[in-house]
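Load the model in a viewer and keep the selection panel at hand. The stops below go from one selection to the next.

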Amino acid sequence: MNRYLLDGIYTADPSAHVFDGRLYIYPSHDVEGGIPFNDNGDHFDMKDYHVFSLESIDGEATDHGPSLHVDDVPWAKRQMWAPDAAKKGDTYYFYFPAKDHDDIFRIGVASSDKPYGPFQPDENYIEGSFSIDPAVFEDDNDEYYMYFGGIWGGQLQRWKTGSYEDDDSEPSDEAPALCPKVAKMSDDMRGFAEEPVDVLILDKKGNPITAGDHNRRFFEAAWVHKFNGRYYFSYSTGNTHLLCYAIGDSPYGPFTYGGVILTPVIGWTTHHSICEFQGKWYLFHHDSRPSGGVTHLRSVKIAELTHRSDGTIEILDGMME
Ligand code: FUB
């Protein structure tokens with residue numbers, strides 16, 4: 001199994017969930033904004049979201065149409081980046097990063113009584129939120145956790161002191177890498193129940209992955225899934241273009257680096273989710289092959305994912321057609 005979700009619309013950063021037996025995919029909606037490539041990611045100039053769904057993994061995707069537009073979000077100015085969604089009770093919550101009117105990335109929440117929206121956004125972004133790429137994991141005990149963060153254009157390095165600073169520097173190569181963040185969600189799913197804390201990624205000796213270790217350090221695209229009672233934290237290494245995973249015994253980590261999930265794809269970014277559907281596990285990700293390699297015009301793909309009996313994950317080839 002290795003397929004594109006659909007053609008005719010550019011989509012990226014897919015977050016997949018099964019709600020009431022149907023698979024829903026919450027991606028970014030890539031568009032041509034005419035902005036040249038830069039390390040800030042300004043060329044990712046997305047303005048709205050669509051939700052897609054599948055009845056079976058190889059079935060035709062339904063495009064449920066526009067679900068939220070930046071112009072309808074009072075606090076947001078531009079760049080509607082990688083979103084996620086969660087269901088609690090009868091309500092669907094949609095989480096999305098965008099730059100506020102000061103050009104600082106924040107994370108917003110919107111809600112609907114349908115999994116595909118349209119979503120009604122809250123007036124303000126989630127208090128205490130910053131940076132990009134929210135991923136909300138529902139644990140077995142009805143507790144929800146948001147993971148987030150991304151360096152470079154995602155601004156995580158500007159929050160080293162706990163508040164936003166213009167200082168864009170990263171730690172030295174030998175120092176521990178910048179960590180993604182996690183916070184338990186409040187009961188109403190519209191905020192954090194606690195201050196976000198660091199998600200530690202360790203090597204096999206128990207030492208934090210260092211900032212200079214670009215093949216293993218966190219860059220962006222956090223995702224958590226649970227397999228055989230253990231927590232798998234997966235992420236992108238950004239400028240080395242790998243999807244990797246690390247395993248832990250608590251939603252807070254620490255997580256021990258486990259290996260590569262997907263080798264580099266055509267395109268600069270790589271971003272994914274992992275979800276079980278109808279008894280099999282799948283990797284949802286994107287590449288830029290259909291646009292002829294245009295970095296900011298990406299297309300969502302689906303590939304079957306295999307957990308080996310020792311809990312490790314089989315590597316997938318990003319160049320697979
Ligand atoms: O889609 C815009 C950004 O590109 C995402 O937020 C990142 O994860 C990267 O895929």
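Start by selecting isoleucine 274, which stands opposite leucine 283 in β21. This is a predicted model, in which local features need pLDDT of at least 70 and side-chain atom pairs count only at pLDDT 80 or more, while totals for chains, interfaces and linings use all residues. Residues are numbered from 1 along each chain as its sequence is written, and side-chain values use heavy atoms, with hydrogens and water left out.

Strands here are DSSP runs of E with at least two residues, numbered from the N terminus. Buried means under 20% relative accessible area, with a 1.4 Å probe and protein chains only.

**The ligand site**

A polar side-chain atom of aspartate 13 lies 2.5 Å from an oxygen atom of the ligand. For aspartate 133, the distance from a polar side-chain atom to a ligand oxygen atom is 2.6 Å. An N or O atom in the side chain of histidine 271 is also 2.6 Å from an oxygen atom of the ligand. Taken alone the ligand exposes 280 Å², and the protein buries 99% of that (Shrake-Rupley method, 1.4 Å probe).

**Aspartate 122**

Move to aspartate 122, in the loop between β10 (120–121) and β11 (135–138). Its side chain makes a polar contact with the side chain of arginine 190 at 2.6 Å. A polar contact within protein is a pair of N or O atoms within 3.5 Å, one able to donate a hydrogen and the other to accept it; residues adjacent in sequence count only if both atoms are side-chain atoms. Not counting residues up to four places away in sequence, aspartate 122 touches Pro74, Trp75, Val109, Ala110 and Arg190, where contact means heavy atoms within 4.5 Å.

**The four-stranded sheet**

Now colour the open sheet with the order β11-β12-β13-β14 and antiparallel pairing. Its edge strands are β11 and β14 (197–198), each pairing on one side only. Strand β13 (residues 181–184) pairs with β14 over two bridges, and valine 182 stands opposite valine 197 in β14.

**The cores**

Which residues have the most contacts inside the largest nonpolar core? They are Tyr95, Ile126, Met146, Tyr147, Met185 and Phe233, in a core of 40 residues. Strand β12 (residues 144–148) gives the most to this core, with five residues. A nonpolar core is a set of buried Ala, Val, Leu, Ile, Met, Phe, Trp, Tyr and Cys residues joined through side-chain atoms within 4.5 Å. A second, separate core of 18 residues includes Met80, Phe96, Ala110 and Phe119.

Finish at phenylalanine 233, in strand β17 (residues 230–236). This residue is buried, with a relative accessible area of 0%. Beyond its neighbours within four places in sequence, phenylalanine 233 contacts residues including Tyr147, Phe218, Trp223 and Phe255. Tyrosine 245 is 12 residues from phenylalanine 233 in sequence and 5.6 Å from it in space, C-alpha to C-alpha.

Definitions and conventions:
Buried < 20%, exposed > 50% of the residue type's maximum accessible area, 1.4 Å probe, protein only. Pairing = 2+ DSSP bridges.
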